[in-house]
Amino acid sequence: MRVTLINFFKKTVPGHIFRGKRRLVKPVSQRAMDTLTREYERQEQVMLLLRHPYLTLEQSSGHAKELQKREKLVAKWTDEQTLRKMKPHVTIEERLNQLKIKEAWD
């Protein structure tokens, strides 16, 4: 009974606690500041690595040609087994060919 009375007469914010004109603003703690500082430092390290890449543009332009990834991918899809699994190409004429009864219009 007493716990209910304490909660009933307790002064709180009207409406939603974290929205509006009379909202509760969470105070900024030292832990939150440290976390944000570490996050900014990590982002700065990532941006430094992105600004100064390991390979130059000339070095990175042809490094994938030796691996022949593109040729292997094309060979995989042009293989006759995969072509047999796919449905054949159908044109509109083949679809509407059943509507042809006779060619004579006169």
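This is a short walk through one protein chain, from its overall form down to a few side chains.

Hi everyone, and thanks for coming. Please keep in mind that this is a predicted model: local features need a pLDDT of at least 70, side-chain atom pairs count only at pLDDT 80 or more, and totals for chains, interfaces and linings use all residues. Residues are numbered from 1 along each chain as its sequence is written, and side-chain values use heavy atoms, with hydrogens and water left out.

Let's begin with confidence. The score is pLDDT, the predictor's confidence in each residue, from 0 to 100. The chain averages 83, and 92% of the residues score at least 70. Helix H2 has the highest confidence, with a mean of 96, while helix H1 (residues 2–8) has the lowest, at 69. Where pLDDT is low, predicted coordinates should not be read in detail.

Now the overall form. How many helices and strands are there? The chain has six helices and zero strands. Here helices (H or I, at least four residues) and strands (E, at least two) are DSSP runs, numbered from the N terminus.

The radius of gyration, taken over C-alpha atoms, is 35 Å, whereas a compact globule of 106 residues would have one near 13 Å. That globule rule is 2.2 Å times the number of residues to the power 0.38. Along its principal axes, the C-alpha trace spans about 95 × 60 × 30 Å. For one distance inside the chain, take Leu 96 and Gly 62: they are 34 residues apart along the chain, and their C-alpha atoms are separated by 49 Å.

What share of the residues is buried? Of the 106 residues, 2% count as buried. Buried means under 20% relative accessible area, exposed over 50%, and partly exposed in between (1.4 Å probe, protein chains only). Leu 96, in helix H6 (residues 92–96), is partly exposed because its relative accessible area is 47%.

Next, the salt bridges. A salt bridge is a side-chain nitrogen of Lys or Arg within 4 Å of a carboxyl oxygen of Asp or Glu. The whole structure has two of them. In one, Arg 42 meets Glu 39 at 2.5 Å, N to O. These two residues are three apart in helix H2 (residues 30–51), so about one helical turn separates them. Glu 39 counts as partly exposed, at 30% relative accessible area.

The other salt bridge joins Glu 44 and Arg 51, at 2.9 Å, N to O. Both partners are partly exposed: Glu 44 has 46% relative accessible area, and Arg 51 has 47%.

Last stop, a nonpolar surface patch. Which residues form it? Leu 73, Trp 77, Leu 83 and Met 86 do, with about 400 Å² of accessible area together. Trp 77 sits in helix H4 (residues 69–78), and its 47% relative accessibility makes Trp 77 partly exposed. Patch residues have over 30% relative accessible area and no salt bridge; like charges are joined within 9 Å, and nonpolar side chains (Val, Leu, Ile, Met, Phe, Trp, Tyr) within 5 Å. Accessible areas come from the Shrake-Rupley method with a 1.4 Å probe, and for residues only the protein chains shown count as cover.
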